[in-house]
Amino acid sequence: MIKINQTRFGGIDKPISERGNCFQACLASILEIPLEQAFDCVPFESDLDPEATEFEQQHWYVAFNKWLEQFGLGSIYLEWQPDTPTGTELTGYHLAAVKSSMRKNGRHCVVIHNGEFVHDPNPNSKVNSDDLLGVYLLVSLNVAKFIAKS
């Protein structure tokens, strides 16, 4: 994992070209690729209302999983609940959706490793474990090959 910071910082109220790219920066960090080559979910927000339901926002996730296939990966989103156990059961690097410390009711993305926060792509953000909303688990698409190596 290499730490890559986001280059855009605007919220949902800003034009598409100014909206934050924290998700993209976290993904580039984990995959160790240039920021510009990482999947950016922001363009998928162009037709969304700020009041759109979670279901209405899911279409970007299909494109994200399709994009991940080139790395032999897929993603599963787990919504976090207050009683969800935390810690080492989340092995490896993953993307974590957290409450934004910069915007009321905003969302932000950080990198976690083995269940611990290890990289926030916004140097001005302050995230703690109570802010966790969900985790985008990055999983191998070739499970049989993964099991054979174990």
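The structure is a predicted model in which local features need pLDDT of at least 70, side-chain atom pairs count only at pLDDT 80 or more, and totals for chains, interfaces and linings use all residues. Residues are numbered from 1 along each chain as its sequence is written, and side-chain values use heavy atoms, with hydrogens and water left out. The mean pLDDT of the chain (the predictor's confidence in each residue, from 0 to 100) is 83. A score of at least 70 is reached by 81% of the residues. Helices (H or I, at least four residues) and strands (E, at least two) are DSSP runs, numbered from the N terminus. Among the elements, helix α1 (residues 22–31) has the highest mean pLDDT, 97. Helix α3 (residues 143–149) has the lowest, 54.

The sheet is open and has five strands, in the order β1-β5-β2-β3-β4. Its pairing is antiparallel. β1 (73–79) and β4 stand at the edges with a single partner strand each, so one side of each lacks a neighbour in the sheet. Neighbouring strands are turned against each other by 40° on average, direction ignored. Two strands count as paired if DSSP finds at least two bridges between them. Strands of a sheet pair through backbone hydrogen bonds, either parallel or antiparallel.

Strand β2 (residues 93–99) has partners on both sides in the strand order. Four bridges link β2 to β5 in the antiparallel sense. Here Ala96 stands opposite Val135 of β5. Seven bridges join β2 to β3, again antiparallel. Within that pairing, Val98 has His108 of β3 as its bridge partner. β3 (107–113) is joined to β4 by three bridges, also antiparallel. His113 has its bridge partner, Glu116, in β4. The hairpin of β3 and β4 has two residues between the strands. Asn114 in this hairpin takes a positive phi near 50°. Burial is defined by relative accessible area: buried is under 20%, exposed over 50%, and partly exposed in between (1.4 Å probe, protein chains only). Five of the seven residues of β3 are buried, so this strand is largely enclosed by the rest of the structure.

Axes are lines fitted to C-alpha atoms, for helices over the stretch in contact, and angles run from 0 to 180 degrees between N-to-C directions. Contact means heavy atoms within 4.5 Å. α1 is mostly covered, with ten of its ten residues buried. Among them are Cys22, Phe23, Cys26 and Leu31. The cover over α1 includes α2, β1, β2, β3, β4 and β5. Glu32 follows α1 and has a positive phi, near 55°.

The whole structure holds 13 aromatic pairs. Rings of Phe, Tyr and Trp (its six-membered ring) pair if their centres lie within 6.5 Å; planes under 30 degrees apart count as stacked, over 60 as edge-to-face and the rest as tilted. The rings of Phe23 and Phe64 have centres 5.1 Å apart and planes at 75°, so this pair is edge-to-face. Phe23 belongs to α1 and Phe64 to α2, 41 residues apart, so to speak distant parts of the chain. Both Phe23 and Phe64 are buried. One aromatic cluster is formed by Phe23, Phe39, Trp60, Tyr61, Phe64, Trp67, Phe71, Tyr77 and Tyr136.

Leu138 lies in strand β5. Its relative accessibility is 12%, so Leu138 counts as buried. Beyond neighbours within four places in sequence, Leu138 contacts Ile30, Phe64, Leu68, Gly74, Ser75, Tyr93 and His94.

Ser125 is found in the loop between β4 (116–119) and β5 (132–140). Ser125 counts as buried because its relative accessibility is 11%. Its side chain makes a polar contact of 3.0 Å with that of Asp120. A polar contact is a pair of N or O atoms within 3.5 Å; within protein, one must be able to donate a hydrogen and the other to accept it, and residues adjacent in sequence count only if both atoms are side-chain atoms. Leaving aside neighbours within four places in sequence, Ser125 is in contact with Ser101, Met102, His108 and Asp120.
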